[in-house]
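The following paragraphs guide the reader through one part of a protein model.

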Amino acid sequence: MDEEKLKEELEKWDREIALDPENATAHFNRGNTLYDLDKKEEALASYDKALEINPDDDFTYSNKGIVLNELGRKKDALACCNKTLEINPRNDIAYCIRGINLHRLGKREEALDNYNKALDINPLNEAAYGYRGCVLCELGRKEEALASCDKALEINPRSDSAYCNRGNVLNELERREEAVASCDKALEINPRNEAAYCIRGNVLNNLGRKEEALDSYNKALEIDPRDDVAYGNRGNVLSDMERWEEALSSYDKALEINPLNDGLYCNKGIVLNNLKRREESLSNYDKALEINPYSDITLNNKGYLLSNL
């Protein structure tokens, strides 16, 4: 539905609510329309109003969980999914969203279990297959991961997220050209898929096509200026190209968004060392080790720096 039709739809639900402010269904549908208009905070408020009126509607909790997930509120999204499943243990969407948030919290095995539960309930949940592929890839089960992404595309050949996830898996399998083609397909379907641009950048970097990789990261950041991963990966490419000051700027932007990423501090330390700013480099290695005291990469880089002071 295009934006004008969505605005008309929103006006319709506003009229319904004006006639009956206690109409939970109208508040729910208003939330869905606001979500489609990319007004997530307003959508959240509409879902909350619907739940005030009908606190036992698992569909409203489920959609609220989706919005919280996209707003990066992982723990709130998890709590929302738990509430959904308390009301309706057969809600496959809630298992899928819970899996996404557990994955983001680094709980891969638990995330995989939730995706599998979603698929037990609904074997046609293509999103669960796609996200399941991501987790399997990170667990080193790459061929299973690829099969999971392919299953998602069998169900929905127009799933840009499945093509995106498939591109990531193919990159890990070192099937780089196929990975680029998969990301390109995702972007053909949805030119605003910033994750596809980011993964495409990773693949192009692995192929040694640095300028094209930079262009992909920049496009990802045009779509989502809060993507710390894109800033970090962009910094890595700039560092490889010895564009040190630009790399520093990119790492600083990533750390502004995500100050708990030890790898960013380590990479920043490497760049500062190359600029012969030794004390600043050491300070960044120390910050990285405060977050992750067992990082071999940071410990090795710090040791090398100290041995050359």
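At what angle do the axes of α8 and α9 cross? The axes cross at roughly 165° and come within 8 Å; axes are lines fitted to C-alpha atoms, for helices over the stretch in contact, and angles run from 0 to 180 degrees between N-to-C directions. Helix α8 is therefore roughly antiparallel to α9, a term for angles over 145 degrees. Helices here are DSSP runs (H or I, at least four residues), numbered from the N terminus.

This is a predicted model, in which local features need pLDDT of at least 70 and side-chain atom pairs count only at pLDDT 80 or more, while totals for chains, interfaces and linings use all residues. Residues are numbered from 1 along each chain as its sequence is written, and side-chain values use heavy atoms, with hydrogens and water left out.

On the α8 side, E126, Y129, G130, R132, G133, L136 and C137 meet K142, E144, A145, S148, C149, K151, A152 and I155 of α9, contact meaning heavy atoms within 4.5 Å.

Helix α9 (residues 142–155) also packs against α10 (residues 160–172), at an angle of about 160° and with the axes 9 Å apart. Helix α9 is thus roughly antiparallel to α10. To this contact α9 contributes K142, A145, L146, C149, D150, A152 and L153, and α10 contributes A162, Y163, N165, R166, V169, L170 and E172.

N125 is buried, with a relative accessible area of 9%; buried means under 20% (1.4 Å probe, protein chains only). Beyond residues up to four places away in sequence, N125 touches D92, C96, A118 and L119.

Methods: Buried < 20%, exposed > 50% of the residue type's maximum accessible area, 1.4 Å probe, protein only. Helix = DSSP H or I, 4+ residues; strand = E, 2+ residues; numbered from the N terminus. Parallel < 35°, antiparallel > 145°, perpendicular 65-115°, else oblique.
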